[in-house]
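I opened the model to look up a few points and kept notes as I went. The entries follow in the order I made them.

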Amino acid sequence: MSQYFIGTYTNWCKEYCDEQFFKRLGEIQREKDTAVWIVDNTDPRKHDYLNNIAALIRRYMHNEQTFMTNVGVNHPDHKFHHNVLESALHIRGRFLTGNCEYLLIIESDVIPPVDLLSRLEETIAALPDDWGVLGCLYYEGFHDYSKTGIHETHHALSGCKVYKREVIERY
């Protein structure tokens, strides 16, 4: 069993890259036979994106290791923020019912390398025991791609990030 539980939240607005994303997610999943939980936060009254996701899962992923749900949120203001919050809480809850050591969040418009899990394992092995969150470089213009190695920071963006179990349990 993998030490990673991969969670991703998505919305119909990410349809422009969903084929590329789910193909890559399937490749990452196969590397370590990893469970994936997908949360669609599209309002189902406006668009049935869950059927699109189901087709992509059948095409690219291990169906027996991939799970999905919809948490369409109906808030009159700041709907995006509520969708992300509800999606993240849903993924957190699913993660906590299992026994994986790490929660890996990959947003559905971030296309990480196929060997992401191996790279993370190598990086985690080099971290001090008291680490809690590991953010990956993925956002050109925000992240400094000229840096190499591990760097402390005051923040990590949510696009591709690993949490140690004790952090998720505690916070």
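**Notebook: pocket, sheet, helices, salt bridges**

I started with the second largest pocket, where α3 gives the most to the lining, with four residues. I note here that the model is predicted.

Entry 1, the pocket. I looked up its volume: the second largest pocket holds about 220 Å³ of space. Two or more lining residues come from each of α3 (79–97), β4 (102–106) and α5 (165–170). I listed the lining as Tyr9, Val84, Ala88, Leu89, Arg92, Leu103, Ile105, Ser158, Tyr163, Val167, Ile168 and Tyr171. I then sorted this lining by residue class and got 10 nonpolar, one polar and one charged.

Entry 2, the sheet. In what order do the six strands of the open sheet run? I read the order as β3-β2-β1-β4-β6-β5, and the pairing is mixed. From one strand to the next, the twist averages 20°.

I checked β4 against β6 (residues 160–164): the two pair in the antiparallel sense, over five bridges. Opposite Tyr102 I found Lys164, which belongs to β6.

Which strands does helix α2 touch? Helix α2 (residues 49–60) packs on the sheet and touches β1 (4–10), β2 (35–40) and β3. I looked up its direction too, and the angle with the direction of β3 is about 175°. Helix α4 (residues 116–126) lies across β1, β4, β5 and β6. Against β4, helix α4 runs at about 130°.

I searched the whole structure and got eight salt bridges. I looked up one of them, in which the side chains of Lys14 and Glu107 meet at 3.8 Å, N to O. Where in the chain do Lys14 and Glu107 sit? Lys14 is in the loop between β1 and α1 (18–32), and Glu107 is in the loop between β4 and α4. The two residues are 93 residues apart, so I logged the pair as a link between distant parts of the chain.

Terms used
Residues are numbered from 1 along each chain as its sequence is written. This is a predicted model: local features need pLDDT of at least 70, side-chain atom pairs count only at pLDDT 80 or more; totals for chains, interfaces and linings use all residues. Side-chain values use heavy atoms; hydrogens and water are left out. On a 1 Å grid over the protein atoms alone, a cavity is a set of points where a 1.4 Å probe fits but cannot get out, and a pocket is an open set with protein on both sides within 12 Å along at least five of seven lines; lining residues have an atom within 4 Å of a point. Grid points are joined across faces, edges and corners, and a volume is the space filled by probe spheres set on the points. Ala, Val, Leu, Ile, Met, Phe, Trp, Tyr, Cys and Pro count as nonpolar, Asp, Glu, Lys and Arg as charged, and the others, Gly among them, as polar. Two strands pair if DSSP finds at least two bridges between them. Axes are lines fitted to C-alpha atoms, for helices over the stretch in contact, and angles run from 0 to 180 degrees between N-to-C directions. Contact means heavy atoms within 4.5 Å. A salt bridge is a side-chain nitrogen of Lys or Arg within 4 Å of a carboxyl oxygen of Asp or Glu.
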